[in-house]
Amino acid sequence: MITPMDIHNKQFTKATVRGYSEEEVNDFLNQIVADYERIYREHREMEEKLDQMKAKLANYEKISETMTATLQLAKDTAENVKKNARRNADILIANAKADSEKQIKDAQDYRRTLIHNMMQTEGNMKSYVGKIRKDLELALAAIDELDRMKAPLGDGAAQESFAEAETEAAGDEEK
């Protein structure tokens, strides 16, 4: 590219008798140099601004890439958090089900134990009632026996019989 100095330093050869007026050519060249310097300076300024804009654009592109990567990382992290939450929820549900099944089994075992104890208690009670009934029947038999007896009239044998019946009734009561 031709610089303003190149234009300013340009020398023309002298023409023959009829050439251009040196003063007009120099004035015109000076005007071109001034205009060209202004345009050249503006061009340099524009190139500097363009370089600055390119640098800013490159910076914005880096920021954009970083933000895109960060956004993707956030999405991935959110997905991982969701997966972990689902996995933890599944584990909690499975543990709760296992606990509830264990509690149900324990309650059923306890129920069976209670039923067994109740049946055993019922059997013991029936046995006890049977024993009491037998004792009562013996006592009633002894009472009936005593009721059938006649009072002795001075007979020693009758008194012994009465004493034996009392002893027998007392022994049955102890049982």
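Glutamate 42 is partly exposed, because its relative accessible area is 39%; partly exposed means between buried, under 20% relative accessible area, and exposed, over 50%, with a 1.4 Å probe and protein chains only. Its side chain meets that of arginine 38 in a salt bridge, 3.5 Å from N to O. A salt bridge here is a side-chain nitrogen of Lys or Arg within 4 Å of a carboxyl oxygen of Asp or Glu. Arginine 38 is also partly exposed, with a relative accessible area of 39%.

Before going on, a word on the source. This is a predicted model, where local features need pLDDT of at least 70 and side-chain atom pairs count only at pLDDT 80 or more, while totals for chains, interfaces and linings use all residues. Residues are numbered from 1 along each chain as its sequence is written, and side-chain values use heavy atoms, with hydrogens and water left out.

Why can these two side chains meet? Arginine 38 and glutamate 42 are 4 residues apart in helix H2, so about one helical turn separates them. An α-helix has 3.6 residues a turn, so residues three or four places apart point the same way. Helices are DSSP runs of H or I, at least four residues, and strands are runs of E, at least two, numbered from the N terminus.

How many salt bridges does a search of the whole structure find? It finds 8. One of them joins arginine 44 and glutamate 47, at 2.5 Å from N to O; both lie in helix H2, 3 residues apart. Lysine 102 and aspartate 106 form another, with the closest N and O atoms 2.9 Å apart. Lys105, Asp109 and Arg112 are linked in a network of salt bridges.

Next, the aromatic rings. The whole structure holds 1 aromatic pair. The rings of tyrosine 36 and tyrosine 40 have centres 6.4 Å apart and planes at 25 degrees, so the pair is stacked. Rings of Phe, Tyr and Trp (its six-membered ring) pair if their centres lie within 6.5 Å; planes under 30 degrees apart are stacked, over 60 edge-to-face, and the rest tilted.

Now the helix itself. H2 covers residues 22-148, and its 127 residues should span 189 Å at 1.5 Å a residue; the end C-alpha atoms are 183 Å apart, which agrees. The expected span is 1.5 Å times one less than the number of residues. In H2, Leu29, Val33, Asp135 and Ala142 are buried.

Last, the whole chain. It has 3 helices and 0 strands, and 5% of its 175 residues count as buried.
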